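Here is a short briefing on one protein chain. Keep the sequence and the 3D view side by side as you read.

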Amino acid sequence: MSDDRVVTLVEDLERTLLDFIRKHHVTHDEYRAATDLIIAEVQAGEASLLFDVFFEAAATDVQNEGRAGSIEAIEGPFYVPGAPWLEGPPYRMPQRPDEEGVPLVFHGRVTTEDGTPLGDVEMDLWHADADGLYSQIHPGLPEWNLRGRFRSDDEGRYEVHTFAPPPYEIPKDGPTGRVLNALGRHFFRPAHLHVKLRHPYFGERTSQLYFEGGQYLETDVASAVRDELVIAAELVEDRDRIAHHGFTDTFVDARYDFAFTPSDAVSRA
Ligand SMILES: [Fe+2]
């Protein structure tokens, strides 16, 4: 960010907050309560959570303005870089022997906006387990559980086997929880997959995909659901398809095609 941009943004934020204080006749006690809240968020390690819940989706929308092809989505506070490369294909996410949940086949293609296949795209997938918990974030899970990296093939295709994640509640016992409680809001995010794509020319793309018909799509605590990111999730009961994927019981099939836009290439070149 340039120095000029910092001056523009900080001075306008300053004016906006000064207007806000005057408009609402914010008292000194109320002002101090607000600064204490920010300090409490930092001390609880929740500063990112608080800002992500309220503001990250809006910043992502701005980044998506005028973009054709796949839109970007919020990263959220639970990404951990350096996930293991998976053996395959077929790729199977790191999991416990008794990992709970309905098996999920997540697949699709990665192309440019005009449909040209993009092979060798690094895909970095992470999501919650059946209890709504993330490895490396919540205690008691094996390192890198349900976090892994794999690549699209020469045709731009990808397929990975994992487990359908559930909706989950964001941490509610800390200062962010106190704020949401005061607003009378719930703590749920709809079920979702997080994925980052990386390509040497097109750069990095952060996505997050939700499932059609899922709970909390309309009232996501992070206000991050966008129609383009909601994908069909088919419960497959056909015995041949179940056997084809090496499962013994029903599974969920979810497809999403990622399209990189030329504008990415221009802006990142
Ligand atoms: Fe998440």
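Start at Lys196: leaving out residues up to four places away in sequence, Lys196 touches Glu75, Tyr79, Glu122, Met123, Asp124, Trp126, Glu204, Arg205 and Thr206. Bear in mind that this is a predicted model.

**Lys196**

- Lys196 sits in strand β8, which covers residues 192-199.
- Is Lys196 buried or exposed? Lys196 counts as buried, because its relative accessibility is 2% and the cut-off for buried is under 20%.
- Phe51 is 145 residues from Lys196 along the chain, and their C-alpha atoms are 21 Å apart.

**Glu212**

- Glu212 is found in the loop between β9 (203-211) and β10 (230-231).
- Glu212 has 55% relative accessibility, so this residue counts as exposed. The cut-off for exposed is over 50%.
- Beyond its neighbours within four places in sequence, Glu212 contacts Val230, Ile231 and Ala232.
- Pro165 is 47 residues from Glu212 in sequence, with 13 Å between their C-alpha atoms.

**The iron site**

- Which residues supply the protein donors of the iron ion? They are Tyr134 (OH), Tyr168 (OH), His192 (NE2) and His194 (NE2).
- These donors lie 1.9 to 2.1 Å from the iron ion.
- Along the sequence, the donor residues follow the spacing Y-x33-Y-x23-H-x1-H.
- The angles among the four donor atoms run from 91 to 163 degrees, and the site is irregular.
- Why is the site not called tetrahedral? Four donors count as tetrahedral only if all angles lie between 85 and 135 degrees, and the angles here reach 163 degrees.

**Helix α2 with helix α4**

- Helix α2 spans residues 28-43, and helix α4 spans residues 175-183.
- Their axes come within 8 Å and cross at roughly 135 degrees. The two helices are therefore oblique to each other.
- Leu37, Ala40 and Glu41 in α2 meet Pro175, Thr176, Arg178 and Val179 in α4.
- The residues of this contact comprise four nonpolar, one polar and two charged.

**Helix α2 with helix α3**

- Helix α3 covers residues 47-64. It packs against α2 at about 115 degrees, with the axes 6 Å apart.
- On the α2 side, the contact involves Ile38, Glu41 and Val42; on the α3 side, Ala47, Leu50 and Phe51.
- Five of these residues are nonpolar, none is polar and one is charged.

**Helix α3 with helix α4**

- The axes of α3 and α4 come within 9 Å, crossing at roughly 35 degrees.
- From α3, Leu49, Leu50, Val53 and Phe54 meet Thr176, Val179, Leu180 and Leu183 of α4.
- This contact has seven nonpolar residues, one polar residue and no charged ones.

**The whole chain**

- How many helices and strands does the protein chain have? The chain has six helices and 13 strands.
- The C-alpha trace spans about 70 × 45 × 30 Å along its principal axes.
- The chain has 269 residues, and 44% of them count as buried.
- Take the contacts between residues at least 6 apart in sequence: 70% of them join residues at least 24 apart.

Technical notes:
Residues numbered from 1 in each chain as written. Predicted model: local features only at pLDDT ≥ 70, side-chain atom pairs only at ≥ 80, totals over all residues. Heavy atoms only, no water. Donors = N, O, S within 2.8 Å, 3.2 Å for Na, K, Ca; no water. Tetrahedral: all angles 85-135°; square planar, octahedral: opposite > 155°, others 65-115°. Axes fitted to C-alpha atoms, helices over the stretch in contact; angles between N-to-C directions. Helix = DSSP H or I, 4+ residues; strand = E, 2+ residues; numbered from the N terminus. Parallel < 35°, antiparallel > 145°, perpendicular 65-115°, else oblique. Contact = heavy atoms within 4.5 Å. Nonpolar A, V, L, I, M, F, W, Y, C, P; charged D, E, K, R; others polar. Buried < 20%, exposed > 50% of the residue type's maximum accessible area, 1.4 Å probe, protein only.
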